[in-house]
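The following explanation leads the reader through one part of a protein structure. Please keep the sequence and the model in view while reading.

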Amino acid sequence: MNQRNLYNDDLRLAHVLADQADSVTTSYFQSPDLRVEEKSDHSPVTVADRQTEETIRRQLSTARSRDSVYGEEMGTTGRSTRVWVIDPIDGTKNFVRGVPVWATLISLVEDGDVVVGVVSAPALGRRWWAAKGQGAYTGTSLLRGKQIHVSNVDRLEDASLSYASLDNWRKAGRFEEFNALTQRTARTRAYGDFWSHMLVAEGAVDFALDPKLEAYDMAAPVAVVQEAGGVFTSLLGDDGPWGGTALSSNGHFHDEVLSILNWPEPQ
């Protein structure tokens, strides 16, 4: 089986999982009875987060019983090198406040390499997806998608930047470097979370970054950005979703951005 067909079944399954997740999340979105709790890291969690992950895990236990699952709310189960990485609601704070910028992130990782990714944002009416070697797409379903590509902007001074939280840059001790970077760019907007990276993938934004993320925040966006022709690394320049930080770009000035931010090596 050639690479172009290798992950078709997994991609189709990821869309089924996303459809099921959308049914759960949209049923709770803007509900006046939504109960919000605080996790140990002080981030919010709702019944919608937990029920969405439970729904995805239940389907995977039947369709891919030999695979492992790593989710934000329930940790890791299984020991396979094929791991489904799940963020049931990326943007829970938005979800809680009734802001429609949130998504379910579903990806498949093989031996540390992200090979399938689906980002489903039903309140925006948007979905993005990719499988290794097959390109990146956006649309309402697997059969109704258009291929997307990163932009061709090749100068930082002409580029559009999206980010998430200014406070995270202050906490990371890199606010001055971040501010210097914004002064070099043509346009800055805080679209935030998954949406920043999806806008990079479809060429509406030229680069996006975040100083603090988990692997489940990044795995699905990594697949989409890379298959759209872009680059996705940590702020130290390591490929993939494992470095705890993120820079996605069209690739033209990626190294220049890393140099300006001058991210410190871990102690």
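A cavity is a set of points, on a 1 Å grid over the protein atoms alone, where a 1.4 Å probe fits but cannot get out. Its volume is the space filled by probe spheres set on the points, with grid points joined across faces, edges and corners. The model is predicted, so that local features need pLDDT of at least 70 and side-chain atom pairs pLDDT 80 or more, while totals for chains, interfaces and linings use all residues. Residues are numbered from 1 along each chain as its sequence is written, and side-chain values use heavy atoms, without hydrogens and water.

By this rule there is one cavity of 30 Å³ or more, and the largest cavity has a volume of about 80 Å³. Its lining (residues with an atom within 4 Å of a point) includes D90, A164, F194 and H197. Helix 7 gives the largest share of this lining, four residues; helix 7 and strand 13 (207–210) each supply at least two. Helices (H or I, at least four residues) and strands (E, at least two) are DSSP runs, numbered from the N terminus.

Helix 7 (residues 193–201) also packs with helix 8 (residues 215–227): their axes, lines fitted to C-alpha atoms over the stretch in contact, come within 8 Å and cross at roughly 15°, on a scale from 0 to 180 degrees between N-to-C directions. Helix 7 is therefore roughly parallel to helix 8, a term for angles under 35 degrees. In contact (heavy atoms within 4.5 Å), H197, M198 and A201 of helix 7 meet P221, V224 and V225 of helix 8.

Notes. Parallel < 35°, antiparallel > 145°, perpendicular 65-115°, else oblique. 1 Å grid on protein atoms, 1.4 Å probe; cavity = no way out; pocket = protein on both sides within 12 Å on 5 of 7 lines; lining within 4 Å.
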